[in-house]
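Please walk through the structure below with attention to what holds its parts together and what lies on its surface.

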Amino acid sequence: MIHFTCDMCGKVLLADEDTRYVVKVEVYAAYDPMELTSKDLQNDRTDEMQDLLDEMADIDPEALEDQVYKTFRFDLCPECQAAYLKDPLGQTTRLWARFGQN
Ligand SMILES: [Zn+2]
């Protein structure tokens, strides 16, 4: 039988019994639209681009990806869903610490 485990308390959730809640979290960098002037376009940006590429080459690709876009998905039992809604950023729950150990 398919079963899920609550990612917060570890309780086993049977697919055909308890209500199960799914939490999806998207974290991504919000870039402000770039303002370009004709002067910007005339400037040679080759050196700037090369510096940026050099910087990126030193960063672990996974870390770089985490900086840009990251999603999390949690299965929660009804009790933990109620707790999550009261504290979505995990300031009092152990959700994030627990996820980090897995
Ligand atoms: Zn739970």
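In what follows, a residue is called buried when its relative accessible area is under 20%, exposed when it is over 50%, and partly exposed in between, with a 1.4 Å probe and protein chains only. The model is a predicted one, in which local features need pLDDT of at least 70 and side-chain atom pairs count only at pLDDT 80 or more, while totals for chains, interfaces and linings use all residues. Residues are numbered from 1 along each chain as its sequence is written, and side-chain values use heavy atoms, with hydrogens and water left out.

The zinc ion is coordinated by the SG atoms of Cys6, Cys9, Cys77 and Cys80, at 2.2 to 2.4 Å; donors here are N, O and S atoms within 2.8 Å of the metal (3.2 Å for Na, K and Ca), and since water is not among the atoms, sites may look incomplete. The angles among the 4 donor atoms of the zinc ion run from 105 to 117°, and the site is tetrahedral, a label given to four donors if all angles lie between 85 and 135 degrees. For comparison, the ideal angle for four tetrahedral donors is 109.5 degrees. Along the chain, the donors of the zinc ion follow the spacing C-x2-C-x67-C-x2-C. Cys6 lies in the loop between β1 and β2 and Cys77 in the loop between β4 and α4, so this pair ties together parts that are 71 residues apart in sequence; helices (H or I, at least four residues) and strands (E, at least two) are DSSP runs, numbered from the N terminus. Cys6 is buried, at 1% relative accessible area, and Cys77 is likewise buried, with a relative accessibility of 1%.

Glu79, which is exposed with a relative accessible area of 51%, meets Lys11 in a salt bridge between their side chains (3.5 Å, N to O), a salt bridge being a side-chain nitrogen of Lys or Arg within 4 Å of a carboxyl oxygen of Asp or Glu. Because Glu79 lies in helix α4 (residues 78-86) and Lys11 in the loop between β1 (3-5) and β2 (12-14), the pair ties together parts that are 68 residues apart in sequence. Lys11 counts as partly exposed, at 32% relative accessibility.

The whole structure holds 3 salt bridges. Another of them joins the side chains of Asp75 and Arg20 (2.8 Å, N to O), and it links distant parts of the chain, with Asp75 in strand β4 (residues 69-76) and Arg20 in the loop between β2 and β3 (21-28), 55 residues apart. Asp75 counts as buried at 8% relative accessibility, whereas Arg20 is partly exposed at 32%.

Note on methods. Four donors count as tetrahedral if all angles lie between 85 and 135 degrees; four count as square planar and six as octahedral if opposite donors are over 155 degrees apart and all others between 65 and 115; anything else is irregular.
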